[in-house]
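Have a look at the structure first, then read on.

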Amino acid sequence: MDFFTVRVFHQWKSEMLLVGYSGGAAVTCKNELEMVNEEILQKVSEQLRQAMIASSEKPPGMDWSKRSGGSEICCNPDEFGDHSAMECSPFIVVHGAGSFGHFQASKSGVHKGQLNKPLVKGGFVATRISVTTLNLEIVRALAREGIPSIGMSPFSCGWITRERYISSADLSSVAKAIDSGFTPVLHGDAVLDEIQGCTILSGDVIISHLAAYSKPKYVVFLTDVYGVYDRPPTEPDAILLKEIAVADDGSWSVVKPKLQNSIELTVAAHDTTGGMKTKISEAAMIAKHGIDVYIVKAATSHSLRALNGDLRSSIPDDWLGTVVRSLK
């Protein structure tokens, strides 16, 4: 990490908030190839607008693209003026790939490297086409809510890994976007790796890296289930873990509820980024900095409370989700 990046981040406002669509599963149909869950994405975008923009009045939309099935581009410049609702709290949004990118990466082995192989190189290109397609869909959904969102790809910004861990990440463009009043929307991406040639950089790792330097008030992971469970949530006896405590060394333990059995975390066959195991590991790394992490189901009343910061003082008994926080 270069010193310029650290210096830029130290200038960021302490009111920063990081939001992650965990694995992309929150807004995609993860078992259907390249399928966006339009209803959930719209609801999530509405909740983000409510959390980001103080005014109750919805600001004018910023997606002036041609809609599917339409023949015109809708834009009314008179709606803008000096619109007070344009004042937007500083947010960073990060999303994973969900049903975009994972299939292409697993078929070609991009996450394993060996970029000199034609199949891997082709898969690298195919993966980036897929994940940037999802990024555009999310940016457009946020823009339609009046959020000044800007898509930013780690590969295009020069992020590089070393054995799948971030070794170089020029965050100056992200900082400049925020300083200019935009909301950066980053995503899990295929990137170059100094040792194995290439790999997949997950959205969870990106969030952890950003949190270490931007020191946000808190981080929200939006997912397709209510939080972290002691076993696959599809099993009838699965227990929602309400609170996970993180020690100084990054190790974690379940505080609420008290469990009698061990925890079983699974990873989907096509998931090249580690699934829930990676999510908890990165959440623990964030919590080490004294930053609370809320893992919660997207597009619910529980996610809105997390996004609004309603959980910072205490966690209500009726809130469904998982909070990961430092033991300090």
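You'll find glutamate 163 in the loop between strand S4 (160-162) and strand S5 (165-168). Its phi is near 55 degrees, a positive value in a residue other than glycine. Keep in mind throughout that this is a predicted model.

Why is that worth a second look? Most residues other than glycine have a negative phi, and most peptide bonds are trans.

Glutamine 114 is another case: its phi is positive, about 60 degrees, although this residue is not a glycine. Glutamine 114 belongs to the loop between helix H3 (102-108) and H4. With a relative accessible area of 42%, glutamine 114 is partly exposed.

On the peptide-bond side, lysine 256 and proline 257 are joined by a cis bond, with omega at about -10 degrees. Proline 257 sits in the loop between strand S13 (252-256) and helix H7 (275-287).

**The chain as a whole**

Zooming out, the chain has eight helices and 15 strands. There are 328 residues, and buried ones make up 52% of them. The accessible surface comes to about 15,100 Å², and carbon and sulfur atoms account for 51% of that. As for contacts between residues at least 6 apart in sequence, 74% of them join residues at least 24 apart.

**Links across the sequence**

| Pair | Separation in sequence | C-alpha distance |
|---|---|---|
| Serine 89 and methionine 52 | 37 residues | 5.0 Å |
| Lysine 112 and arginine 164 | 52 residues | 9.2 Å |
| Asparagine 116 and cysteine 198 | 82 residues | 9.8 Å |

Serine 89 is in the loop between H2 and strand S2 (91-95), and at 32% relative accessibility it counts as partly exposed.

Lysine 112 lies in the loop between H3 and H4. Is lysine 112 buried or exposed? At 61% relative accessibility, lysine 112 counts as exposed. Which residues does lysine 112 touch, leaving aside its neighbours within four places in sequence? Lysine 112 is in contact with Gln196 and Cys198.

Asparagine 116 is also placed in the loop between H3 and H4. Its relative accessibility is 68%, and asparagine 116 counts as exposed.

Now for the helices. Two packed helices are described by the angle between their axes and the distance between the axes.

Take H2 (residues 38-52) and H4 (residues 118-144): their axes come within 9 Å and cross at roughly 50 degrees. H2 and H4 are therefore oblique to each other. The crossing of H2 past H4 is right-handed. On the H2 side, the contact is made by Leu41, Ser45 and Leu48, while H4 brings in Glu137, Ile138, Ala141 and Leu142. Sorted by class, this contact of H2 with H4 has five nonpolar residues, one polar and one charged.

H2 also packs with helix H8 (residues 301-308), at an angle of about 30 degrees and with the axes 9 Å apart. That makes H2 roughly parallel to H8, because angles under 35 degrees count as roughly parallel. This crossing, between H2 and H8, is right-handed. The residues in the contact of H2 with H8 divide into four nonpolar, four polar and no charged.

Note on methods. Residues numbered from 1 in each chain as written. Predicted model: local features only at pLDDT ≥ 70, side-chain atom pairs only at ≥ 80, totals over all residues. Heavy atoms only, no water. Helix = DSSP H or I, 4+ residues; strand = E, 2+ residues; numbered from the N terminus. Buried < 20%, exposed > 50% of the residue type's maximum accessible area, 1.4 Å probe, protein only. Contact = heavy atoms within 4.5 Å. Areas by Shrake-Rupley, 256 points an atom, 1.4 Å probe, with all protein chains shown as cover. Axes fitted to C-alpha atoms, helices over the stretch in contact; angles between N-to-C directions. Parallel < 35°, antiparallel > 145°, perpendicular 65-115°, else oblique. Left-handed = near helix turned anticlockwise from the far one by under 90°. Nonpolar A, V, L, I, M, F, W, Y, C, P; charged D, E, K, R; others polar.
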